[in-house]
Amino acid sequence: MNRSLVVIGLQWGDEGKGKIVDWLTGHAKAVVRFQGGHNAGHTLVIEGQKTVLHLIPSGILHEGVSSYIGNGVVLCLRAFFEELELLIAAGVPVVERLKLSPACTLILPSHIALDQARELQRGEEKIGTTGRGIGPAYEDKAARRGIRLADLMDANRFKALVRDLVRYHNFLLEQYYQQSPVEVEAIIEEWLGYAERIQPMLADVSVCVKEHFSRNEKVIFEGAQGAMLDVDHGTYPYVTSSTTSAGGAASGSGVGPRDLDYVLGVTKAYTTRVGGGPFPTELQDDVGAHLAKIGQEFGATTGRARRCGWLDLPALRRASINSSLSGLCMTKVDVMDELDEIKVCVAYELEGERLEIAPLGAERLALCRPIYQTFSGWKTSTLGITDYALLPDAAKRYFSFVQEALDLPIVMISTGPDRRQTIHLLDFFAD
Ligand code: GDP
Ligand code: IMO
Ligand code: MG
């Protein structure tokens, strides 16, 4: 019996995790975000109504479900309250449903300024970050000069910490990057203004999750970004700054690895990437443009166009190893409905050798050439199909091939953006 389910992206983000977590949360009692920050953009569509979440877990719309932001998340309180207000205006009782770990590292405006200054300095080599201060906040956390949510609860201590940190940030901004400094007292005033509202929402997330387990309640751990953006295992340095692999669910919410039961990896039926870095199966042709158009491949956070390409099995094999995947969820199948033929990258060619697993880091991956296998398209609409049996045979052949090639079962399929446009082939939480 599974008590917990970790849901992670297997590619470069935007696999449809938000939709899947929202769907799954209907069968659970709690959902925990464990890494990343407001670089994420998770889109939920329920009966045609769209909600975009960045920081707040994708289970928030469910009554009777507790949502948590774990210690592994880097938290911009301005972004948090903007999101909270929008949800409250839409009638979602966020304050009653959501708790945050006091150990979350805060993102301040100076982290955002530094993120943008660093990108500017890299020029052509820029990572293509979301410009949300994610990297600098994680740097400060690792360097032990980060400011945590708990620190905000003591105004004098908070002031001293922020003055110290921003002095350092402003030194970098002015002296190293030749950029304008940020105004420290304005930050202090704005952030202290959030303290009173956030205080009742703090909770020891690890203990709360343990209590859910002890009541035999099911818990979902919601990943952001994707495996190829993992700071260790992705296309470094073109990555985000957190552990996006399943192990991050343990460290980022304060539970042990034995508490993670089922690991569900979400992949699109093709691949997208937003930002810089190598992308072996990228299509810079009409097919890529078609996927972008039908799939509406524009980022929910920055509005940037997503690069599109074929499904990449070597990349998925690496993700499967890094996250000890239990099963796959394949999304956006309907986006490929009109294609005459569909290619899958089954291996790479690198310096005359065949590679089954994507190499670590960006440098070697950039030299890899995809080896494709071609499938015929199904050329019929799969939009909104909820019964596996009703899928066209060509689509079933595509799924069977992927399952065998990765030695993983496909346990969920998504055939449209709406919550109900979902096929589930496994009852994750059956007793
Ligand atoms: P996330 O970051 O992994 O949560 O994914 P995003 O929400 O950023 O991007 C996925 C986009 O695809 C969103 O606009 C979803 O509404 C949409 N989407 C999710 N699943 C499907 C699907 O099966 N078919 C189609 N056509 N769109 C989908
Ligand atoms: P969700 O959760 C897609 C990418 C950025 C950039 C790199 C580093 O919606 O899947 P960062 O701002 O994190 O320092 O940027 O990571 N990136 C994402 N790409 N989906 C996301 O989140 C992303 N979050 C970060 O585009 O290439
Ligand atoms: Mg997204």
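A: H169 sits in helix α6, which spans residues 155-176, where a helix is a DSSP run of H or I of at least four residues and a strand a run of E of at least two, numbered from the N terminus. This is a predicted model, in which local features need pLDDT of at least 70, side-chain atom pairs count only at pLDDT 80 or more, and totals for chains, interfaces and linings use all residues. Residues are numbered from 1 along each chain as its sequence is written, and side-chain values use heavy atoms, with hydrogens and water left out.

Q: Why is H169 called buried?
A: The relative accessibility of H169 is 1%, and buried means under 20% relative accessible area, with over 50% being exposed and the range in between partly exposed (1.4 Å probe, protein chains only), so H169 counts as buried.

Q: Which residues is H169 in contact with, leaving aside its neighbours within four places in sequence?
A: They are S110, H111, L114 and D140, contact meaning heavy atoms within 4.5 Å.

Q: What makes the chain as compact as a globular protein of its length?
A: The chain has 13 helices and 19 strands. Its radius of gyration, taken over C-alpha atoms, is 21 Å, close to the 22 Å that the globule rule (2.2 Å times the number of residues to the power 0.38) gives for 431 residues, so the chain is as compact as a globular protein of that length.

Q: How much of the chain is buried?
A: Buried residues make up 59% of the 431 residues.

Note on methods. Chains lettered and ligands numbered in written order.
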